[in-house]
Amino acid sequence: MPLVTTTEMFKKAYAGGYAVGAFNVNNMEIVQGITEACQEQHAPVVLQVSKGARAYANHTYLVKMVEAAVQECPDIPIALHLDHGPDFETCKSCIDGGFTSVMIDCSSKPFDENVEITKKVVEYAHAHGVVVEAELGTLAGVEDDVQVSAEDSSYTHPEEVEEFVTRTGCDSLAIAIGTSHGAYKFTPEQCTRNEKGILVPPPLRFDVLEEVSKRLPGFPIVLHGSSSVPQNFVDIINAHGGKMPDAIGIPEEELRKAASMSVCKINIDSDIRLAITATIREYFDEHPDHFDPRQYLKPARQAVKDMVAHKLVNVLGCNGKA
Ligand SMILES: [Zn+2]
């Protein structure tokens, strides 16, 4: 099947109490690792491209790699989505350039300005058969080159969501309930420690999610910054010359719970980076004489595939839903 929008995916995910994975793609190995896992698990998937990915790999290369995945994975629906579109022009360029979904992120702007720009993107997107994700509330953390401190982040105000969705006509809404971008989602001071001394992050604000869902019945909600930063990857990285002390993510049980509620799309990027980096660091340590990139990128791609398969089955619940 050709690239699809997320409309049907989200409708089924909402009704079925699961979420679709949205994985960031930056190169061929990442595209292959994700889509091979989804094809094997028969899972729908959103492949998303950030502004940084377009700057790194070039728009045309990314679109063509995703088109190749569509051809290689004929049994599963795949959407191509712009992650964190910063302005109308970037969104337009992706809509004109073959994307089936775009995010316009004006969440750092005042409410009325967010509405105005989002509405403009929605009008252009819908006229071209493309769907739009918008955002209310600000996540902490680092996304591409944009850093938001914990003090500047803010939870979504549920009382704003109906007006925002009605005025903009957006198709899905990213909200802030305590997730965060990057591999250092919380400082040790924000966390507690369990009996083994391991950091436990503050719980997500499910009360905010519930209030939003009550006000927007049937409407698909999106969670950004939802990598869980698996400790085994961090340990491998640190054991092989890396230095990532206190890297921490969102516990998978919490994401699972969100997926069973109104959350239809869960964004995962850092876990892909960690899988690749852990695998390559370990490989280099064990094979100091190897220099063919295919030798170390092959297990790195396999690590992405294994990690994604785990998320599909154990976190998102979207396996078998294609
Ligand atoms: Zn994000």
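**Briefing: strand pairing and overall fold of a predicted model**

In strand S5, Val131 is the bridge partner of Ser101. The structure is a predicted model, in which local features require pLDDT of at least 70 and side-chain atom pairs count only at pLDDT 80 or more, whereas totals for chains, interfaces and linings use all residues. Residues are numbered from 1 along each chain as its sequence is written.

**Overall architecture**

- The protein contains twelve helices and 13 strands, these being DSSP runs numbered from the N terminus (helices: H or I, at least four residues; strands: E, at least two).
- Its radius of gyration is 19 Å, close to the 20 Å that the globule rule gives for 322 residues, so the protein is as compact as a globular protein of that length. The radius is taken over C-alpha atoms, and the rule is 2.2 Å times the number of residues to the power 0.38.
- Along the principal axes, the C-alpha atoms fill a box of roughly 60 × 50 × 35 Å.
- Of the 322 residues, 50% count as buried (20 or more other C-beta atoms within 10 Å of the residue's own, with C-beta atoms placed from the backbone).
- Among contacts between residues at least 6 apart in sequence, 74% join residues at least 24 apart; a contact requires C-beta atoms, placed from the backbone, within 7 Å.

**Strand S4 and its neighbours**

- Strand S4 (residues 101-104) is covered on both faces: Ser101 and Met103 are buried on one side, and Val102 and Ile104 are buried on the other. In a regular strand the side chains alternate between the two faces of the sheet.
- Strand S3 (residues 78-85) runs parallel to S4 and is joined to S4 by three bridges; strands count as paired if DSSP finds at least two bridges between them. Gly85 stands opposite Ile104 in S4.
- From S3 the chain passes through helix H5 (residues 88-96) to S4 in a right-handed β-α-β crossover (with the strands pointing away from the viewer, the path from the first strand over the helix to the second runs clockwise).
- S4 is also joined by three bridges to strand S5 (residues 131-136), and these two strands run parallel.
- A right-handed β-α-β unit is made by S4, helix H6 (residues 111-127) and S5.

**The S7-S6-S9 sheet**

- Three strands form an open sheet in the order S7-S6-S9, with mixed pairing. Strands S7 (146-148) and S9 (180-181) are the edge strands, each pairing on one side only.
- Strand S6 (residues 140-143) runs parallel to S9, and two bridges join them. Gly141 stands opposite His181 in S9.

Key: A residue is buried if 20 or more other C-beta atoms lie within 10 Å of its own, exposed if 12 or fewer, and partly exposed in between; C-beta atoms are placed from the backbone. Two residues are in contact if their C-beta atoms, placed from the backbone, lie within 7 Å.
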